[in-house]
Structure formats: C-alpha cells, structure tokens
Amino acid sequence: MNAQGNIRASAGGYGYLKQWLWWLGLITMGAGEAANLIAYAFAPAALVTPLGALSVLVAAVLSSKLLNEKLYFLGKV
C-alpha cells in the first residue's frame, strides 16, 4: 500500500488509472511514438533512429525534475 492507502500497481492495484499525470504521460508517449513512425517516412532512418534514442535521456531528465525522482550515478552515466 502507498501513503494514500491504495494498493500498489505491482501488487495488482489500479490506482494509477485515476492519476492525471499517468494519463498525460501515456498520451504524450503515444503521440511521440506516432510522430517517430511518421518521421521515418520523411527522413532517413540514420537520422530518425538516434533522435528516437534521445527520448530515453529526455525521459530520465524530466522524471528527475518533474517527478522528483533521484537520478543515481548509474542513471547519469
């Protein structure tokens, strides 16, 4: 259980479905992947693929800032 008394998602709970931030993340992730797929039609794969991999770095930085997650040494490397 978490601080609000909800069952954690890892234990079979579905409380995250009530959080607007989770839905916003799901929608923006879907839009980003759709844009990535469309980009393959307009640009060479050698250009699009590294930009898609950059999303991992952006997600790490944004989660550190917006969600106050601790980014340890291995995550920074």
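This is a predicted model: local features need pLDDT of at least 70, side-chain atom pairs count only at pLDDT 80 or more; totals for chains, interfaces and linings use all residues.

Biologist: How many helices and strands does the protein have?

Modeller: The protein has three helices and zero strands, where helices (H or I, at least four residues) and strands (E, at least two) are DSSP runs numbered from the N terminus. Read from that end, the order is α-α-α.

Biologist: Why is the pair of Trp22 and Trp23 called edge-to-face?

Modeller: Rings of Phe, Tyr and Trp (its six-membered ring) pair if their centres lie within 6.5 Å, and planes under 30 degrees apart count as stacked, over 60 as edge-to-face and the rest as tilted. By this rule the count comes to two aromatic pairs. In the pair of Trp22 and Trp23 the centres are 4.9 Å apart and the planes stand at 85°, so the label is edge-to-face. Ring pairs also link Tyr16, Trp22 and Trp23 into a cluster.

Biologist: Are Trp22 and Trp23 buried, exposed or partly exposed, and why?

Modeller: Buried means under 20% relative accessible area, exposed over 50%, and partly exposed in between (1.4 Å probe, protein chains only). Trp22 has 31% relative accessibility and is therefore partly exposed, and Trp23, with 37%, is partly exposed as well. Val58, which lies in helix H2, has 42% and so counts as partly exposed. Of the 77 residues of the protein, 4% count as buried.

Biologist: What makes the largest pocket a pocket, and which residues lie nearest its centre?

Modeller: On a 1 Å grid over the protein atoms alone, a pocket is an open set of points with protein on both sides within 12 Å along at least five of seven lines, whereas in a cavity a 1.4 Å probe fits but cannot get out. Lining residues have an atom within 4 Å of a point; the largest pocket has 16 of them, and Gly25, Thr28, Met29, Ala59 and Leu62 lie nearest its centre. H1 and H2 each supply at least two residues of this lining, and H1 gives the most, with eight residues.

Technical notes: Residues are numbered from 1 along each chain as its sequence is written. Side-chain values use heavy atoms; hydrogens and water are left out.
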